[in-house]
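Here is my note on this model, written for someone opening it for the first time. The points run from the overall layout down to single residues.

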Amino acid sequence: MQRRLPVTRSMQPARNGFLSAILTHIPGAWFNPKNDELIALYSLRYKMALEEKKYDAALIFLNKILEVAPGNVDAKLCKADLYYRHIRNYGLA
């Protein structure tokens with residue numbers, strides 16, 4: 001028989017029926033990701049959107065990176081490149 005690991009959650013939602021059952025059986029359902037994890041996730045989503053030529057979605061993910069880390073130079077350069085090459089808004093680039 002497999003042993004269960006104790007689960008600790010940072011934010012406990014209200015306990016009511018279905019939600020309570022889900023939270024007891026899905027470990028890690030509520031967690032607070034770190035900033036570097038968020039940046040890695042958003043940059044991956046940016047690259048996927050860019051490959052699919054969904055430039056508005058790519059711009060959204062770059063803005064999310066800049067919300068988490070306002071001094072991220074890579075995101076700023078990618079945003080300028082996106083405006084310049086794909087959106088063709090040279091003033092914002």
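**Notes on the fold and its contacts**

1. Along its sequence, the protein chain follows the pattern α-α-α-α. There are four helices and zero strands. Helices (H or I, at least four residues) and strands (E, at least two) are DSSP runs, numbered from the N terminus.

2. A word on the basis. This is a predicted model, in which local features need pLDDT of at least 70, side-chain atom pairs count only at pLDDT 80 or more, and totals for chains, interfaces and linings use all residues. Residues are numbered from 1 along each chain as its sequence is written, and side-chain values use heavy atoms, with hydrogens and water left out.

3. Of the 93 residues of the protein chain, 19% count as buried. Buried means under 20% relative accessible area, exposed over 50%, and partly exposed in between (1.4 Å probe, protein chains only). The accessible surface of the protein chain comes to about 7,400 Å². Carbon and sulfur atoms hold 57% of that surface. Areas come from the Shrake-Rupley method with a 1.4 Å probe; for residues, only the protein chains shown count as cover.

4. Contact means heavy atoms within 4.5 Å. Take the contacts in the protein chain with a separation of 6 or more: residues 24 or more positions apart account for 23% of them.

5. The expected span is 1.5 Å times one less than the number of residues. Lysine 53 follows H2 and has a positive phi, near 60°.

6. Which residues of H2 are buried? They are Leu38, Tyr42, Tyr46 and Ala49. These cover an arc of only 70° around the axis, so they sit on the same side of H2. The arc is that of the directions from the helix axis to the C-beta atoms. Asp36, Lys47 and Glu51 are exposed on the other side of H2. The buried residues of H2 pack against helix H3 (55–68) and helix H4 (73–87).

7. H3 tells a similar story. Its 14 residues should span 20 Å at 1.5 Å a residue, and its end C-alpha atoms are 20 Å apart, which agrees. Ala58, Leu59, Phe61, Leu62, Ile65 and Leu66 are its buried residues. Their arc is only 165° around the axis, which puts them on the same side of H3. Exposed Asp56 and Glu67 lie on the face of H3 turned away from its buried side. The buried residues of H3 pack against H2 and H4.

8. The largest nonpolar core has 13 residues. Such a core is a set of buried Ala, Val, Leu, Ile, Met, Phe, Trp, Tyr and Cys residues joined through side-chain atoms within 4.5 Å. Those with the most contacts inside it are Tyr42, Tyr46, Ala58, Leu62, Ile65, Ala75 and Leu82. H2, H3 and H4 are the elements that give two or more residues to this core. H3 gives the largest share, six residues.

9. Look at leucine 62. Not counting residues up to four places away in sequence, it touches Tyr46, Ala75, Cys78, Lys79 and Leu82.

10. Isoleucine 39 belongs to helix H2. It is partly exposed, with a relative accessible area of 22%. Neighbours within four places aside, isoleucine 39 is in contact with Ile65, Val68, Ala69 and Asn72. Isoleucine 39 and alanine 69 are 30 residues apart in sequence, yet 8.0 Å apart in space, C-alpha to C-alpha.

11. How many salt bridges does the structure hold? It holds two. The term means a side-chain nitrogen of Lys or Arg within 4 Å of a carboxyl oxygen of Asp or Glu.

12. Glutamate 52 is partly exposed at 46% relative accessible area. Lysine 54 is partly exposed at 45%.

13. Arginine 85 forms a salt bridge with aspartate 81, the closest N and O atoms being 2.9 Å apart. The two are four residues apart in helix H4, so about one helical turn separates them. Arginine 85 counts as exposed at 53% relative accessibility; aspartate 81 counts as partly exposed at 31%.
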